[in-house]
Amino acid sequence: MRRILSSTVGAVVEARSELRVHRTRVLLSLIGVAVAIAALTSVVGLGQMARQSTTESFERGGGRAATLVVSAYSQSGAPLNSSALGDAVATATERYGISHVTPAGYSNQRIQFPDGVVDVQTQLVGVDYRTMHRLAVLDGSWFTETDADRLAPGLVVNEAFWQRIGSPDLRTHPTVTIVGASRATAVILGVTSSYPGDPTSSAMMLLSSYERIADPAQLASVSPGYEFWVPADLADPIMAGLTSDLRGVLGSGATVDVFRSDYAAYGEDPLGPITFVVTGVALLILFLGALSLVNISLVTVRQRVREIGIRRSFGATAGRVFFAVMMESVVGTVAAGVIGVVVAVLVVTNPTLQQLVAQGAIELPPFPLEAALIGLGAAVVVGALAGLLPALVAVRVKVIDAIRY
């Protein structure tokens, strides 16, 4: 063991000396490797950010994995007992240890804007909706548990709604009037982003607040529904349990559907194409960097035939020559890999580039450690592979060749 360690250290020191002697030629070859490793590491890091952005986009629509949606309706068309459904949901939430649950319903509210009264689609939610759907609040705040007790119901509106009322400062607690059978004044609490290119105004309201201001006809028109965020590995048994429990409470005259709405429910990874493209680009970059290094290493070895022949004449074994030549490539590519990873960190953590690649992402991941490890690992592999062919050529050099050169 001691002999192997001594030989390895000696080979590394010898490789470092050779790199210093041939530093100009080596520098030219390793610039390409450093650029390739920087590009490889950057592609992996930016790919992680793009994946995070895409994941959050899916989760804003269908919820996090695994999100279960419960919808119930009466087969006869008569209004469903919403109170009984709510009690059953509360009981099931406690029974199955579900930490996040939110109502899921829609209603049209007639809002008095400066330019007239407009029907605004209002989503009826709970406090947990923001966490379950990674909703970003651009200005103001999201609902809290105390907002259910407000005399004036709170609204979280989209940018189109906010701009239509003049983009008021939310610190002044701006209000709008809900007209109709149950006239009420609502307070704007927060602003969320609008869908790109969609000028439609929309709003969100706590279901409990809506139930206090809506008349019986409006309540009857709302199709009750709930969403649950549960562990993905327990989604199937919880779905079966929820279906059985809710059907038992609502009776045979009601239809209860429980299904998953998150992107992971489709079986195939919808983010697979991103991973495939990132992997393909990374491998192409790595291949080009290795090819350039192999060409220069072969030229270098052929110009060192005399030196290698003299070494052999002084007793250097074929194994020692092979290992020394290969280590020259490995030591050089590792140094180039470190520089490439540092450059990649500076590129990937650039705020402007992050916003461009991961638009709309709320939880931008830090620079992934696996990207740095992949970059350094690739540097070692490229060095070993690039040094293999020149090392084989060096081993075949004979002492007589030194005389010819």
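Which residues lie nearest the centre of the largest pocket? Arg60, Gln123, Leu135, Tyr195 and Met204 do, among the 32 residues that line this pocket. The model is predicted, so local features need pLDDT of at least 70, side-chain atom pairs count only at pLDDT 80 or more, and totals for chains, interfaces and linings use all residues. Residues are numbered from 1 along each chain as its sequence is written, and side-chain values use heavy atoms, with hydrogens and water left out.

The protein chain has 14 helices and eleven strands. These elements are DSSP runs numbered from the N terminus (helices: H or I, at least four residues; strands: E, at least two). Buried residues account for 44% of the 405 residues in the chain. Here buried means under 20% relative accessible area, exposed means over 50%, and partly exposed lies in between (1.4 Å probe, protein chains only). A contact is a pair of residues with heavy atoms within 4.5 Å. Among contacts between residues at least 6 apart in sequence, 81% join residues at least 24 apart.

The largest pocket holds about 950 Å³ of space. Pockets were found on a 1 Å grid over the protein atoms alone: a pocket is an open set of points where a 1.4 Å probe fits, with protein on both sides within 12 Å along at least five of seven lines, and lining residues have an atom within 4 Å of a point. Grid points are joined across faces, edges and corners, and the volume is the space filled by probe spheres set on the points. Helix 2, strand 4 (116–125), strand 6 (154–158) and strand 9 (202–206) each give two or more residues to the lining of the largest pocket. Helix 2 provides the largest share, four residues. By class, this lining divides into 13 nonpolar, 16 polar and three charged residues. Ala, Val, Leu, Ile, Met, Phe, Trp, Tyr, Cys and Pro count as nonpolar, Asp, Glu, Lys and Arg as charged, and the others, Gly among them, as polar.

The second largest pocket has a volume of about 580 Å³. It is lined by 28 residues, with Pro103, Leu207, Ser208, Glu211 and Tyr226 closest to its centre. At least two lining residues come from each of helix 3, strand 2 (100–103), strand 4, helix 6 (207–213) and strand 10 (225–229). Helix 3 gives the most, with five residues. The lining of the second largest pocket comprises 17 nonpolar, eight polar and three charged residues.

Nine salt bridges occur in the structure. A salt bridge is a side-chain nitrogen of Lys or Arg within 4 Å of a carboxyl oxygen of Asp or Glu. Arg60, named above at the largest pocket, pairs with Glu56, and their closest N and O atoms are 3.9 Å apart. The two residues are separated by about one helical turn, because they stand four residues apart in helix 2 (residues 23–62). Arg60 is partly exposed, with a relative accessible area of 27%. Glu56 is buried, at 0%. Glu59 forms a salt bridge with Arg134 (2.2 Å, N to O). Glu59 lies in helix 2 and Arg134 in the loop between helix 4 (129–132) and strand 5 (137–140), so this pair ties together parts 75 residues apart in sequence. Both partners are buried: Glu59 has a relative accessible area of 6%, and Arg134 one of 11%. Glu56, Glu59, Arg60 and Arg134 are linked in a network of salt bridges.

A further salt bridge joins Asp245 and Arg95, with the closest N and O atoms 2.7 Å apart. Asp245 lies in helix 8 (residues 235–250) and Arg95 in helix 3 (residues 82–95), 150 residues apart. Arg95 is exposed, at 53% relative accessibility. Thr93 is also found in helix 3. Thr93 is buried, with a relative accessible area of 13%. Beyond its neighbours within four places in sequence, Thr93 is in contact with Ile98, Val101 and Phe228.
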